[in-house]
Amino acid sequence: MNLIEINNLHVDVDGNSILQGLDLTLRAGEVHAIMGPNGSGKSTLANVLAGRPGYDIVDGSITFLGQDLTALEADARAHLGLFLAFQYPVEIPGVSNMEFLKASLDSLHSARGQDQIDTVSFMRRVRGIAEELKLNPEFLKRGVNEGFSGGEKKRNEILQMLLLQPRLAVLDETDSGLDIDALQVVAQGVNSYRASDNGVLMITHYQRLLSHIVPDVVHVLAAGKIVRSGGKELALELEEKGYRWLTA
Amino acid sequence: MSVQSNPDMDALTWSAGPQRAWLDTEALRSRFGAHLESGKTRELWKYTPVKGFVGGMPDRGASASLDMVGIDQPGVRAVPFAEMIDDDADQVRSLLSNRLEAANHLLADLCLLRAPGGWLIDIQGTLEQAIHIRYLSAGNAPVVVLLRQGASAELIEQTATSGSLAQLLLAEVQEGATLTHHRLALEGDAQHWALQQIRLAANANYRLHQSLLGGQRRRSEMHVILDGGGAQTSLTGAYLVESGQHLDQQVTVEHRAGDTRSRQTFHGIGCGKGRSIFNGRIHIHPHAARSDAALSNRNLALHPEAEMNSKPELEIYTDDVRCAHGATVGQLSEDSLFYLVSRGISPTEARRLLSHGFLRECLDGPLAETAAERFMMALG
């Protein structure tokens with residue numbers, strides 16, 4: 001079953017053509033990695049999928065769980081089961097993590113016609129995930145990402161992913177800024193999330209993440225297009241040779 | 001123009017009233033007249049015209065009724081001005097004339113001239129219980145607070161009337177003493193005029209948590225004087241202005257001694273066609289070396305016709321200081337909004353969460369929840 005199908009996607013940002021005919025299909029149960037040089041359009045892809053304003057789709061289609069994703073607002077995409085782990089998670093002082101996480105989960109439940117989770121069960125669940133990710137549960141009382149280190153912010157993204165249980169998780173450079181211990185914790189989190197009915201699209205610069213979260217498919221994105229796809233061994237080849245042999 | 005030739009003067013003041021031992025009425029009256037005519041006054045009252053202010057102030061002879069809790073505990077002596085013994089009267093008289101003399105506090109002068117009485121609250125030692133003052137009715141309400149050396153107290157002030165109310169709070173915080181002050185005024189149709197002047201001696205500490213809603217006319221002046229070495233203050237405030245409301249805040253921190261520290265953090269939201277003015281002034285005097293001052297005032301204009309004015313003013317007369325200031329008027333951050341919406345939260349709910357959070361950053365203390373509830377009501 002296809003989770004997401006992207007066909008001939010062309011995207012402009014501020015009048016500049018960034019994605020220029022991107023095709024990608026990810027099936028349930030798969031993990032795909034997207035690698036590529038700076039400026040190739042990796043983060044644009046992540047933002048377009050999540051529905052960030054300012055990204056103009058000029059051609060092509062994105063079908064997510066059989067629906068036209070581009071017709072949906074960002075919140076409706078989340079309701080359907082799409083999740084973006086941000087490259088730069090935002091700090092929101094004054095709004096506590098607890099309040100933010102509860103509002104997120106409640107909105108998903110309510111959009112899906114499900115009952116809202118009671119506060120005690122919610123707290124238990126969040127604390128369990130926090131423990132798994134080695135995040136001090138005290139962080140729940142603090143403002144969203146307020147005063148967090150880079151690594152804590154990334155772990156908080158993964159915590160949200162584990163709490164919200166999306167069908168497709170797009171991880172935008174979740175490995176950048178992580179030391180090796182944090183990388184392992186994050187990778188364990190992602191691996192525990194993997195299941196036969198969901199998928200992961202990982203955007204990364206580095207091969208090192210892929211030795212912890214083993215992808216089914218590796219894509220190379222260059223100048224707004226997928227120029228090569230292969231198995232996990234492609235990542236090793238890239239690590240060795242760089243991108244130039246593919247983009248020249 | 002001389003004072004005597006001002007035809008408004010008798011209507012404005014109450015010099016013909018009963019003898020008030022705590023007041024040098026004639027000196028005050030002449031000072032008031034001079035201040036009323038000065039160019040400086042026009043500047044300070046640019047957004048809240050003096051004419052309207054004088055007309056809107058409580059009547060002469062009118063006292064606000066106050067409900068005070070915590071004045072019966074050990075360490076506190078609360079005395080109405082009219083019942084003060086000579087020593088107290090001398091002290092209050094000297095405070096009222098010396099402290100207010102130079103500051104061009106029109107509001108304080110008028111309040112004193114029109115008030116038939118007032119309160120002295122004299123505090124020693126560490127208080128176990130907060131002193132809670134509620135202003136129950138329109139009128140003039142001068143209060144002098146004296147924190148003796150090394151004392152420590154918490155003062156809560158809360159308005160409970162929409163009528164014309166003039167609050168004058170003059171606090172003397174002596175060496176090593178600490179005053180924590182919570183202020184709440186949430187009547188959206190009020191005519192309130194408040195002046196708080198706090199003087200800190202060496203190593204004294206003053207903390208303010210303030211929550212204000214705009215009023216029909218609300219003016220709030222805060223004047224903190226760091227008068228002794230090592231004195232410090234931290235002022236935080238949250239405010240909100242709805243349609244048809246007016247809120248004029250003037251905050252001044254004077255560093256008059258070395259090694260003093262001040263922090264000001266004020267967040268405000270305009271959520272209707274109303275007007276907010278925030279003037280934050282830091283004045284570092286000569287000889288106040290190693291002063292460390294910071295002022296941050298952030299405003300959100302959540303309505304296209306919300307008028308949010310913010311002006312930081314710095315006067316620095318010595319080199320060896322640290323001083324930071326920032327004033328912004330803007331909208332909710334698009335990045336923050338998208339972050340919340342990407343998690344499934346509706347844009348309306350996301351805006352509500354962010355604007356609450358913005359004010360909550362500046363809410364603390366026993367009145368925080370009351371303020372938060374009122375602000376949330378306005379923000380939907």
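Start by selecting B:Phe81, which counts as buried at 3% relative accessibility (buried means under 20% relative accessible area, exposed over 50%, partly exposed in between, with a 1.4 Å probe and protein chains only). This is a predicted model, in which local features need pLDDT of at least 70 and side-chain atom pairs count only at pLDDT 80 or more, while totals for chains, interfaces and linings use all residues. Residues are numbered from 1 along each chain as its sequence is written, chains are lettered from A and ligands numbered from 1 in the order in which they are written, and side-chain values use heavy atoms, with hydrogens and water left out.

The ring centres of B:Trp22 and B:Phe81 are 5.2 Å apart and the planes stand at 45°, so the pair is tilted. Rings of Phe, Tyr and Trp (its six-membered ring) pair if their centres lie within 6.5 Å; planes under 30 degrees apart count as stacked, over 60 as edge-to-face and the rest as tilted. B:Trp22 is in the loop between α1 and α2 of chain B, and B:Phe81 is in the loop between β2 and α5 of chain B, 59 residues apart. Helices (H or I, at least four residues) and strands (E, at least two) are DSSP runs, numbered from the N terminus.

Next, pick B:Tyr239 and B:Phe278, both buried. Their rings have centres 6.3 Å apart and planes at 5°, so this pair is stacked. B:Tyr239 belongs to strand β12 of chain B and B:Phe278 to strand β15 of chain B, so the pair ties together parts 39 residues apart in sequence.

For a stop that includes both chains, select A:Phe86, A:Phe100, B:Phe338 and B:Tyr339, which ring pairs link into a cluster.

Back in chain B, show the open sheet of 9 strands, ordered β1-β4-β6-β8-β10-β12-β14-β16-β18 with mixed pairing. Two strands pair if DSSP finds at least two bridges between them. At the edges are β1 (66–69) and β18 (321–330) of chain B, each pairing on one side only. Zoom in on β1(B) and β4 (residues 131–135) of chain B, which run antiparallel and are joined by 4 bridges. B:Val69 has B:His132 in β4(B) as its bridge partner.

Move to chain A for an open sheet of 6 strands in the order β6-β9-β10-β3-β11-β12, again with mixed pairing. Its edge strands are β6 (82–85) and β12 (225–230) of chain A. Strands β3 (residues 31–35) and β11 (residues 217–222) of chain A run parallel, with 4 bridges between them. One place to look is A:Ala33, whose bridge partner in β11(A) is A:Val218.

Then find A:Thr44 in helix α1 (residues 42–50) of chain A. A:Thr44 is buried, with a relative accessible area of 11%. Leaving aside neighbours within four places in sequence, A:Thr44 is in contact (heavy atoms within 4.5 Å) with A:Val11, A:Val13, A:Ile18, A:Leu19 and A:Tyr55.

Finish with two lysines. The charged end of A:Lys102 sits over the ring of A:Phe122, 5.9 Å from its centre. Select A:Lys241 as well: its charged end sits over the ring of A:Trp245, 4.4 Å from the ring centre. A charge sits over a ring if NZ of Lys or CZ of Arg is within 6 Å of the ring centre and within 35 degrees of the ring normal.
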